[in-house]
Amino acid sequence: MSEKTTEKNTKKNLQEELILAGIEELNNNGFHNFSVRRIASKCGVSCAAPYKHFKDKNQFIAEIINYINFIWAKRQLAIVKKYHGDMKTQLVEISKDYIRFLVENPHFRSILMMKDTEFDLEFDNMKAQMSKRVLKIINRFCKEAGIPENVSRRKFCIIRALTYGASLMFDNGEMEYNEENLCIFSDAILREFYLP
């Protein structure tokens with residue numbers, strides 16, 4: 001391996017290490033009290049080192065949200081590929097996997113649901129990227145089935161509410177987190193497609 005390749009990999013590894021430490025920082029201190037200095041200290045680098053990867057605090061936070069979106073997008077794409085052409089199954093499986101994603105990664109979920117007036121306007125659209133593929137699948141399915149746009153929007157809201165509600169119910173112990181209970185929610189999502 002060349003010296004240049006090794007340097008590039010080291011830089012990428014540090015950037016990911018900084019992002020992971022940034023996720024922990026956001027969970028512990030929120031957007032407003034986010035400290036690049038604490039992150040650098042946790043990663044054992046100088047206070048200036050993060051700025052070689054991120055121009056400022058806002059870009060750092062944006063990259064954290066992009067990192068979470070990227071991980072989720074990879075999972076969604078794998079499901080879309082596996083169930084190619086079957087939009088109903090894609091949607092049910094994506095919704096079920098999103099519940100898993102939120103329950104198994106509470107540190108991601110708290111960032112996606114975090115509110116801080118200083119940063120909300122800037123980052124809300126980035127956080128909303130998580131649900132855009134689901135919205136596209138629902139819209140495409142409804143269009144092909146001749147379902148009106150207002151009904152399509154209602155279905156999207158219901159499916160998202162079921163997904164977020166399930167993750168919170170599992171997280172706070174109202175329901176045991178297991179495959180059987182996940183199927184209760186996926187069945188409810190599937191049933192939504194048969195309702196007018």
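How many helices and how many strands are there in the protein? There are nine helices and zero strands, where helices are DSSP runs of H or I with at least four residues and strands are runs of E with at least two, numbered from the N terminus. The structure is a predicted model, in which local features need pLDDT of at least 70 and side-chain atom pairs count only at pLDDT 80 or more, while totals for chains, interfaces and linings use all residues. Residues are numbered from 1 along each chain as its sequence is written, and side-chain values use heavy atoms, with hydrogens and water left out.

**Overall architecture**

Along the sequence, the elements follow the pattern α-α-α-α-α-α-α-α-α. The C-alpha trace spans about 60 × 40 × 35 Å along its principal axes. The protein has 196 residues, of which 42% count as buried; buried means under 20% relative accessible area, exposed means over 50%, and partly exposed lies in between (1.4 Å probe, protein chains only). Among contacts with a separation of 6 or more, 68% come from residues 24 or more positions apart, a contact being heavy atoms within 4.5 Å.

The accessible surface comes to about 11,200 Å², and carbon and sulfur atoms account for 53% of that area. These areas come from the Shrake-Rupley method with a 1.4 Å probe.

Helix H2 covers residues 36–43, and Val36, Ile39, Ala40 and Cys43 are buried in it. Seen down the axis of H2, these buried residues fall within an arc of 100°, so they line one face of the helix; the arc is that of the directions from the helix axis to the C-beta atoms. An α-helix has 3.6 residues a turn, so residues three or four places apart point the same way. The face of H2 turned away from the buried side carries the exposed residues Arg37, Ser41 and Lys42. Serine 41 counts as exposed because its relative accessibility is 56%. Between the C-alpha atoms of serine 41 and arginine 133 there are 37 Å in space and 92 residues in sequence.

Glycine 44 follows H2 and has a positive phi, near 70°. Further on, tyrosine 51 lies in the loop between H2 and helix H3 (57–82). With 43% relative accessibility, tyrosine 51 counts as partly exposed. Leaving aside neighbours within four places in sequence, tyrosine 51 is in contact with Val36 and Asp56. The C-alpha atoms of tyrosine 51 and proline 148 are 49 Å apart, the two residues being 97 residues apart in sequence.

**Aromatic pairs**

What does a search of the whole structure find in the way of aromatic pairs? The search finds nine of them. Rings of Phe, Tyr and Trp (its six-membered ring) pair if their centres lie within 6.5 Å; planes under 30 degrees apart count as stacked, over 60 as edge-to-face and the rest as tilted. Two of the pairs are set out below.

| Ring pair | Distance of centres | Angle of planes | Class |
|---|---|---|---|
| Phenylalanine 101 and phenylalanine 108 | 5.6 Å | 40° | tilted |
| Phenylalanine 170 and tyrosine 177 | 5.3 Å | 65° | edge-to-face |

Phenylalanine 101 is buried at 1% relative accessibility, and phenylalanine 108 is buried at 6%. In the other pair, phenylalanine 170 is buried at 6%, whereas tyrosine 177 is partly exposed at 30%. Ring pairs also link Trp72, Tyr98, Phe101, Phe108 and Tyr164 into a cluster.

**Arginine 109 and leucine 168**

Arginine 109 lies in helix H5 (residues 106–112) and is buried, with a relative accessible area of 7%. Not counting residues up to four places away in sequence, arginine 109 touches Leu102, Val103, Ser167, Leu168 and Asp171. Leucine 168 belongs to helix H8 (residues 149–171) and is partly exposed, with a relative accessible area of 40%. The C-alpha atoms of leucine 168 and isoleucine 99 are separated by 9.0 Å, although the residues are 69 residues apart along the chain.
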